[in-house]
Amino acid sequence: MIKKIDDMLSTYRIENSEIAKMNLDNLSNIGKGIHISRKYLQELRVVLRSGDFKDKLNEVRFFKEQKPYIHGRLKFYVKLYNFFTHRPLGSIKSQHFYIDSEINKLQAYYQKNIDFVKYYRENSTVLDEFYFVRGNDTLHLISDTSHFYTDSEFSTSHDNAVAKIIAYDLLLAFYIEELNALEIDKKSSSKSIRKLFKLPNLDWTGNKIDAIELIYALQNNGSINKGTADIKEMAAAFEQIFSIDLGNYYHAFVELKAR
């Protein structure tokens, strides 16, 4: 049984590496990742039912490393699918905000489960027989109560937690790449607009709050579109023309008025 599992993991790694090389902005490619991960996870379940581990060390290895390797990637692909189906089609700023909010969710999970995350990242083993041996869980060590609804033959109290950490680490790396790509798009977009309108290279070198105050002043006295121009549109145009990120300009202006 051990050799069968090792061979399956080896084959899965090869197939998954091919998918990882694909463009994961494509939902079809993400679907392939979901498909093969589910397939191999089910095959692991069948193999486990056909035999048993020689000792606890092999059982711990299976539930701490082998099953989560596939299960974590399944979670990653499913989360990625949800990410792209809900991603806004608007401005770079709205996409930036969306990705930041997704990163905050991951950080919240890490923080909520900081003790186990540290245990896993430090390769600790002292509690392995409680975390990764079936039927040996201890109630006060369980933080995720969904464990009680899972298949007791194919899960332990913490193998799902390891899969989540693996998935979230992959997601975090992906989100950071997406943010970097947005920054590149923002710069190239700014250059394209300047080129399109034959604008000179004008960079805002003053304080950000001065730019925000100027935008609100122009809107307030009706200088743009007779006062009907939207602050968001004006701020976006200002950012593109003068190559500046105004950040949360509404909040900054509220603070300015308060002062």
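**Reading the helices**

Guide: This is a predicted model. Begin with helix α8, where the buried residues are Ala 211, Ile 212, Ile 215 and Tyr 216.

Visitor: Why do the buried residues of α8 line one face of the helix?

Guide: The general idea is that an α-helix has 3.6 residues a turn, so residues three or four places apart point the same way. In this case, looking down the axis of α8, the buried residues fall within an arc of 130°, so they line one face.

Visitor: What span does α8 reach from its first C-alpha to its last?

Guide: Helix α8 covers residues 208-220, 13 residues in total, and reaches 18 Å, close to the 18 Å expected at 1.5 Å a residue. Gly 222 follows α8, and its phi is positive, near 75°.

Visitor: How do I read the packing of two helices? At what angle do α2 and α3 pack?

Guide: An angle over 145 degrees counts as roughly antiparallel. Helix α2 (residues 27-49) packs against helix α3 (residues 56-86) at about 155°, with the axes 9 Å apart. That makes α2 roughly antiparallel to α3. The crossing of α2 past α3 is left-handed, and their contact has 16 nonpolar, four polar and three charged residues.

Visitor: Is Asp 128 buried or exposed?

Guide: Buried means under 20% relative accessible area. Asp 128 has 9%, so Asp 128 is buried. Asp 128 lies in helix α6, residues 128-131.

Visitor: How many residues apart in sequence are Asp 128 and Arg 61?

Guide: They are 67 residues apart in sequence, and 9.4 Å apart in space, C-alpha to C-alpha.

Definitions and conventions
Residues numbered from 1 in each chain as written. Predicted model: local features only at pLDDT ≥ 70, side-chain atom pairs only at ≥ 80, totals over all residues. Heavy atoms only, no water. Axes fitted to C-alpha atoms, helices over the stretch in contact; angles between N-to-C directions. Helix = DSSP H or I, 4+ residues; strand = E, 2+ residues; numbered from the N terminus. Parallel < 35°, antiparallel > 145°, perpendicular 65-115°, else oblique. Left-handed = near helix turned anticlockwise from the far one by under 90°. Nonpolar A, V, L, I, M, F, W, Y, C, P; charged D, E, K, R; others polar. Expected span 1.5 Å × (residues − 1). Buried < 20%, exposed > 50% of the residue type's maximum accessible area, 1.4 Å probe, protein only. Arc of directions from axis to C-beta.
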